[in-house]
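I opened my notebook today to get to know a new structure. Here is what I looked up, entry by entry.

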Amino acid sequence: MSTRTGPQRYPSASRTHWYQDDFGGDPMQVNVVVLHTTEGSTLPGYGGGSSAPNLTAVPDLAAKKLKWYQHFDIETSSRALVNLSGGVETNTLNVCQVELVGTCDPKTHAKWKSAGRSHVYWPDAPDWALRAVAGFLSWMHEEHGVPLSGPKTWPAYPSSYANGGGQRMSGAKWTAFKGVCGHMHVPENVHGDPGAIDFARILKYAKADLDVDDDTPGTTTPAVPAFPGRKYFAAGASNAYVLQLGKQLVKRGFGDHYKVGPSRNWGEADRLNVRDFQKSRKELRGDADGIPGPLTWRLLFS
């Protein structure tokens, strides 16, 4: 059984609609975020929680912000995906699920607009809403190591329904996938949300939040290993990423605080060596606390 690590609550998210106490869930090591749209304009009831995601983002159109509600811990399985008997795992595999209140259906959008019903049409979402989604993804990258990448194909609804756009992953691809995708990409599910959401712009904003460069096709720069998340460098942590970091620090000439060399166990020597590296870079000096984040990681391995 997987063990949850790192922060489990998204900062400022309300727990007024908390369902984990009623429906439990399995602990997971999350490395995937699935985006849904609710196809409604208010916070759903989710059948009392029986079909709830981990979080719901409700647009506050007047304030131009998203109000977040958390229903399950980040690394506890939620219940918003179909999971067929005998097939691949969906809800319980490695997935944090987010419902975005609004619609991806152009017909619904036209109907609500004609009726004067305030809502977000996610394929044409306002910039502030996309930035708010990006802020959540940058937090998931920094704290849980979810890669800021995902499928290239985000077909518009209704062609996305039932894999009409050919976007849905096979079972094998889904099991191996890490990053951000839509409900329409998950096997065993027929729904087509969130449709043609501007995923490229969301990723651009998320990377800008963390000062992480976009990947440029054709570059000759050696690939930087994916940042695993801050949770792997917390007090008492013991894992392969600590050893990988330590070896790179030594390679770059920042291993002075090691007495016998790096190990899998995060300790004060690691923190001091990371701090020395951070102090050596103008981009990092303002926050040289010795705890590696995405920018420290990228600069160290570049």
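Entry on helix H6. I started with H6, residues 199–210, in what is a predicted model. The helix has twelve residues, and I find 17 Å from its first C-alpha to its last. That is close to the 16 Å expected at 1.5 Å a residue.

Next I asked which residues of H6 are buried. My list reads Phe 199, Ile 202, Leu 203, Tyr 205, Ala 206, Lys 207 and Leu 210. I then looked up what these buried residues pack against, and found H4, E5 and helix H9 (294–301). Just after H6 comes Asp 211, where I noted a positive phi of about 60 degrees.

Entry on the sheet. I see an open sheet of five strands, in the order E3-E2-E4-E1-E5, and the pairing is mixed. From one strand to the next, the twist averages 25 degrees.

Entry on one strand pair. I picked E2, residues 55–60, and its pairing with E3: antiparallel, over six bridges. For Thr 56, the bridge partner in E3 is Tyr 69.

Entry on helix H4. Last, I went back to H4, residues 127–144, which packs on the sheet. I found H4 touching strand E1 (32–37), E2, E3, strand E4 (95–100) and E5. The direction of H4 makes about 40 degrees with that of E3.

Technical notes
Residues are numbered from 1 along each chain as its sequence is written. This is a predicted model: local features need pLDDT of at least 70, side-chain atom pairs count only at pLDDT 80 or more; totals for chains, interfaces and linings use all residues. Side-chain values use heavy atoms; hydrogens and water are left out. Two strands pair if DSSP finds at least two bridges between them. Helices (H or I, at least four residues) and strands (E, at least two) are DSSP runs, numbered from the N terminus. Axes are lines fitted to C-alpha atoms, for helices over the stretch in contact, and angles run from 0 to 180 degrees between N-to-C directions. Contact means heavy atoms within 4.5 Å. The expected span of a helix is 1.5 Å times one less than its number of residues. Buried means under 20% relative accessible area, exposed over 50%, partly exposed in between (1.4 Å probe, protein chains only).
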